[in-house]
Amino acid sequence: MTTEIRLSGSGGQGLLFIGRILAEAAGVFEGKNAVQSTSYGGQVRGGSSRSDVLISPAEEEIDFPEVMDADLLLAMNQEAADEYGGKVKQSGVVILDTTFVKQPPKTRGRIIAYPFTLKTKERLGSALPTNVVVLAVISQIGALVGKEALVRAIKKRSPKGKDEINLQALNLGFELVKTGVLQRDGDDERELH
Amino acid sequence: MSREGLLLQGNEAVSEGAIAAGVRFFAGYPITPATEISEVMARRMPELGGTFLQMEDEIASISAVLGASCGGVKAMTASSGPGLALKAEGIGYAVCAEIPCLIVNVQRTGPGVGSVTPSQQDVMQAKWGPNSDNMIISLSPASIKECFWLAIRGVNLSEKYRVPVILLSDSFLGHMSEKIDLPSPEEIETMDRPRPTVAPEKYKAYDADINGVPPLANFGEGYAVRLVGNMHNKAGDYSRNPRDFDFLINRLHNKILTNLADICAYEEVEIDGADLVIVAYGIVSRAAKAAIRLAKNQGMRVGLFRPIVLWPFPTERLAEIGKKVGGILVAEMNMGQVIREVERTTRGEVPVAGLNRIDGLLINPLDILAKLKEMG
């Protein structure tokens, strides 16, 4: 069974980076099959950005490399939430960063809404590693990949001098899931409705 | 190099494959979506004692590659459709002078300068970009693993047959990442151009029989090396003799066409018992495989024929398949290029339909499935 993950938002939010980390952690460090692709033109700050990751067991080849119906959708801005909210499975999960997404999209999936960017800035003093916080959250919610593999991939792919803050961000993401704050703050979604 | 898993982009895998095949010279001019190949080669060539040159334009890049190859170094360049249009002059020269080289085209969308999104719009350009009855080899990878292995195959074929080889990647594949287990060097077969076995004074630059590949000496080793882009005779002298024209042009074709069993490669999926067969190549073949999976769930029997070598086109096998099935669907990200070859090959013996997309987005498995149902 292939798990389909779509990471969407704005250029500069680091979605391509975490897509590659996720694919490398699952594919190289956990021996699964993994494909990561990107929609073009989003790498510059400001434009829309999309990164798809598909993960399957080692014995199962991944054919089509783009998400058809997402198991997990991350939307880091309103436009992305609106565009991709409808392309999520019934059993899927939609993760919204309410720092930017003010209206929950129409979707069949379960919504988890949390102000990731705001909270990352509060906790780590910078909003930049929000992408890694979200990566940790997605990995656990989707049971995609273990922490050890993520740590290895982050150490390998982080720009020089950025691995420490990225590992702190990873820990923060694990903490958010463990403490149940996402489900609690997930109540925000009622306010959103 | 130990066996290790890596997550590579298509552009990185092509570069590493070419390096594994022995390429030690790269000249190029930056163009999206091929630039990462230049970036990798700029880093890797000096590490390996090779040469990286960023040239002033596309024509200079192919010219530098041809010069390097004449010096005895395996050489490559990479660009996209608009760059290949400029490089056509040099590629045609390499066809006539029989200079081995690998040319990567990471295809983008549209005529003119176009745009940077993916397409398969340069399939005919690969074959017919240069003037005249152009005989080249062109390969079409569908995965990161194939980007690596077909770069090796491309270098090998270019050396063995002294012919330019065009690797047709695309903007999607070039930037897609997938896991690949890199082989150890002893698992990689590399090939070198045929070398002269005669003394320098007896060497004739184009001495081969009507189906043959002439031995190629390096510049600077005492042989009179003539690399001639004009019509020429076996000695490499400029010629205006009709018999020389006839012999040379036939030989440039025959050296490829008499070795189709060695050169052609394709993948077949569930062809036996299929009612309909999809012909798809490169990235689109993956949508076709997904569509076959979906069709199977709905009780349809659909197969896939995927040319891995696009030029020369695998006519013989496709003609056989055409006689056995009820219809062929050619799915490609252009206005219909390979469908012409499929129609030519099957000669009206089977209905042939096309599914085309030219907006820079991938053909979706559901679109293929819908078209298959329409064909019934």
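Me: Two residues are in contact if their C-beta atoms, placed from the backbone, lie within 7 Å. On that basis, how many residues of domain 1 of chain B are in contact with domain 2 of chain B?

Reply: The model is predicted. The domain assignment of chain B gives domain 1 as 4–187 and domain 2 as 266–375. Taken over C-alpha atoms, the centres of these two domains are separated by 26 Å. Domain 2 of chain B puts 20 residues into the contact, and the number from domain 1 of chain B is 22.

Me: Which element gives the largest share of the side of domain 1 of chain B that touches domain 2 of chain B?

Reply: Elements that give two or more residues to this side of domain 1 of chain B are strands S6 (115–118), S7 (137–139) and S8 (164–170), with helices H5 (123–128) and H7 (171–175), of chain B. The largest share is 4 residues, and it comes from H5(B).

Me: How many nonpolar residues does that side of domain 1 of chain B have?

Reply: By class, the side of domain 1 of chain B that touches domain 2 of chain B has 8 polar and 2 charged residues. The nonpolar residues there number 12.

Me: Which element supplies the largest share of the side of chain A that touches chain B?

Reply: Between the chains, 17 residues of chain A are in contact with 19 residues of chain B. Helix H1 (15–29) and strand S2 (33–38) of chain A each supply at least two residues of the chain A side. The largest share, 6 residues, comes from S2(A).

Me: Why does the radius of gyration of chain A agree with a compact globule?

Reply: The C-alpha atoms of chain A fill a box of roughly 45 × 35 × 35 Å along the principal axes. Buried residues make up 51% of the 193 residues in chain A. A compact globule with 193 residues would have a radius of gyration near 16 Å, which agrees because chain A has 15 Å.

Me: Does B:Arg44 count as buried or partly exposed?

Reply: B:Arg44 is found in helix H2 of chain B, residues 35–47. Leaving aside neighbours within four places in sequence, B:Arg44 is in contact with B:Ser15 and B:Ile19. A buried residue needs 20 or more other C-beta atoms within 10 Å. B:Arg44 has 19 C-beta neighbours inside 10 Å, and therefore counts as partly exposed.

How values were computed. Residues are numbered from 1 along each chain as its sequence is written. Chains are lettered from A and ligands numbered from 1 in the order in which they are written. This is a predicted model: local features need pLDDT of at least 70, side-chain atom pairs count only at pLDDT 80 or more; totals for chains, interfaces and linings use all residues. The radius of gyration is taken over C-alpha atoms; the globule rule is 2.2 Å times the number of residues to the power 0.38. A residue is buried if 20 or more other C-beta atoms lie within 10 Å of its own, exposed if 12 or fewer, and partly exposed in between; C-beta atoms are placed from the backbone. Domain bounds come from an automatic or database domain assignment. Ala, Val, Leu, Ile, Met, Phe, Trp, Tyr, Cys and Pro count as nonpolar, Asp, Glu, Lys and Arg as charged, and the others, Gly among them, as polar.
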